[in-house]
Amino acid sequence: PLVKTAITTAAPSWSERIGQAALYLLCFSAYLTPAGSEAATVLLLLAFHLALSRAQLPWRVPVMLLARLGAAYRVLHCLVHELMPRGYPGPEWSALSDWLKLLLFIPVAYFSRGDERSPELPLLLTLVGLVLGMLVRTDWGLLMRDPEALIASRPGFGVPALAFALYGVAGLLGLLTVGRRLLRPGSGGSGRGLLAAAFWVLATASLFIALSMTSARSGWLALIAALPVALWASRDRRPGPGARRRAPPWWQVAVGLALAALVTLGAQLALVIVALMIPFVY
C-alpha cells in the first residue's frame, strides 16, 4: 500500500475520524454538488494537516517523488514565465492550481488507510453520487415533451458531454467488475440481496443510457477497449467446490463480439440488455 499509518494499531484520533468522514463526503459529492466537494476537500486537508504528526508517509516512494517533482516543476514553470519579458506567453496560474490538486491523492490515500483491497465504501459512495447527479441534472420536462430533442442536445449532466462519457465509462467498468458483488446474496438476508441487485441493475442501465445520450464515440471505444482487460483482471482466482460454474469460453467470446457489434451498429437498447447479461456470463 502507498500509505502506512499508525492508526492501524491504535485507536484513531478525532482528526482522523474527521478526515475519514471528509473522504466519504468527498466521494459522495464529487459528481453531485460542487459546494459539498469543496467543503469536503477543505476538511480533508485540515484533518490531514492535524494528523501529520502521527503519519508515517513514505515520501521516498517513486510515486510520491514523481508527484512532488511534478508540482515543483509546475511552480518553477510559472515563475520563469512571470520573469519573461513582454511578448512571451504569461504564466498560467489557474492551470497551476489544477495541477497541484493532483497532490490530493496523498490525503485520500492516508484516510483510506492505503488498503487497495478494501475500496468498497468510497467507490460505492462515488458511484451513488454520480448516478444521483445525473438524475438531478436531467431535464425531465424536456424528456417528457420531446425525448429526441433532449438526445439531440447531447446532455453532459452538468459537465461537458465528453467528460461525462469518461465518468460514465469508469462507473460502468466498476459495476461490471467489482460491482458484481452486489448481485451475490447479502449476509443480511434475501431482502438486502434483492435491494443490492436492484441498485446494480438501475445504476448500470442508467449509465448506459446516459452514455448513449452523450453520443460520445470516445466513451464507447474506451469501454470496448477497457472492458475485456477489466473483466480478466477481476476474474475469480479461487475456484473451489462451491465456486459458481462459469460459462464456456465460446459463450464469453460470443457475448464480447455481440457487444462490439451493437456498439458499431448503435443499437443502444440491445446494448444495455447485453451489458446487463455480462455478470452472469463471465
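These are my notebook entries on a predicted model of one protein chain.

**Ground rules**

I number residues from 1 along each chain as its sequence is written, and for side-chain values I use heavy atoms, with hydrogens and water left out.

**Entry 1: the chain overall**

I looked up the secondary structure and found 13 helices and 2 strands in the protein chain; helices (H or I, at least four residues) and strands (E, at least two) are DSSP runs, numbered from the N terminus. I then checked burial, and of the 282 residues 34% count as buried, where buried means under 20% relative accessible area, exposed over 50% and partly exposed in between, with a 1.4 Å probe and protein chains only. The accessible surface comes to about 17000 Å², of which 69% belongs to carbon and sulfur atoms; the areas come from the Shrake-Rupley method with a 1.4 Å probe, and for residues only the protein chains shown count as cover. Among contacts (heavy atoms within 4.5 Å) with a separation of 6 or more, residues 24 or more positions apart account for 72%.

**Entry 2: aromatic pairs**

I paired rings of Phe, Tyr and Trp (its six-membered ring) if their centres lie within 6.5 Å, calling planes under 30 degrees apart stacked, over 60 edge-to-face and the rest tilted. By this rule I count 6 aromatic pairs. In one of them, the ring centres of phenylalanine 48 and tyrosine 110 are 5.8 Å apart and the planes stand at 70°, so I log the pair as edge-to-face. This pair links distant parts of the chain, with phenylalanine 48 in helix H2 (residues 34-51) and tyrosine 110 in helix H5 (residues 105-111), 62 residues apart. Phenylalanine 48 is buried at a relative accessible area of 11%, and tyrosine 110 is buried at 0%. I also noted that Phe48, Tyr110 and Phe111 form one aromatic cluster.

I next took phenylalanine 208 and tryptophan 220, whose ring centres are 6.2 Å apart with planes at 25°, so the pair is stacked. Phenylalanine 208 belongs to helix H10 (residues 190-214) and tryptophan 220 to helix H11 (residues 217-233), 12 residues apart. Both phenylalanine 208 and tryptophan 220 are buried.

I looked at serine 15, which lies in helix H1 (residues 14-29) and counts as buried at 5% relative accessibility. Not counting residues up to four places away in sequence, serine 15 touches Ala47, Leu50, Ala51 and Phe111.

Also in helix H1 is serine 29, which counts as buried at 2% relative accessibility. Its side chain reaches the backbone oxygen of leucine 25 at 2.7 Å. Leaving aside neighbours within four places in sequence, I find serine 29 in contact with Gly36 and Ser37.

Tryptophan 14 lies in helix H1 as well, but at 57% relative accessibility tryptophan 14 counts as exposed. Together with Ile18, Leu43, Leu46 and Leu50, Trp14 makes a nonpolar surface patch of about 490 Å². The elements that give two or more residues to this patch are H1 and H2, and H2 gives the most, with 3 residues. For patches I used residues with over 30% relative accessible area and no salt bridge, joining like charges within 9 Å and nonpolar side chains (Val, Leu, Ile, Met, Phe, Trp, Tyr) within 5 Å; a salt bridge is a side-chain nitrogen of Lys or Arg within 4 Å of a carboxyl oxygen of Asp or Glu.

**Entry 3: loop residues**

I checked leucine 182 in the loop between helix H9 (161-176) and H10, and at 23% relative accessibility leucine 182 counts as partly exposed. Its C-alpha atom is separated by 6.6 Å from that of tryptophan 200, 18 residues apart along the chain. Not counting residues up to four places away in sequence, leucine 182 touches Gly193, Ala196, Ala197, Phe199 and Trp200.

Finally, I looked up backbone angles. Phenylalanine 157, not a glycine, has a positive phi of about 55°; phenylalanine 157 sits in the loop between helix H8 (147-152) and H9 and is buried, with a relative accessible area of 8%. Serine 215 has a positive phi near 55°, lies in the loop between H10 and H11, and is partly exposed, with a relative accessible area of 38%.

Terms used. This is a predicted model: local features need pLDDT of at least 70, side-chain atom pairs count only at pLDDT 80 or more; totals for chains, interfaces and linings use all residues. A polar contact is a pair of N or O atoms within 3.5 Å; within protein, one must be able to donate a hydrogen and the other to accept it, and residues adjacent in sequence count only if both atoms are side-chain atoms.
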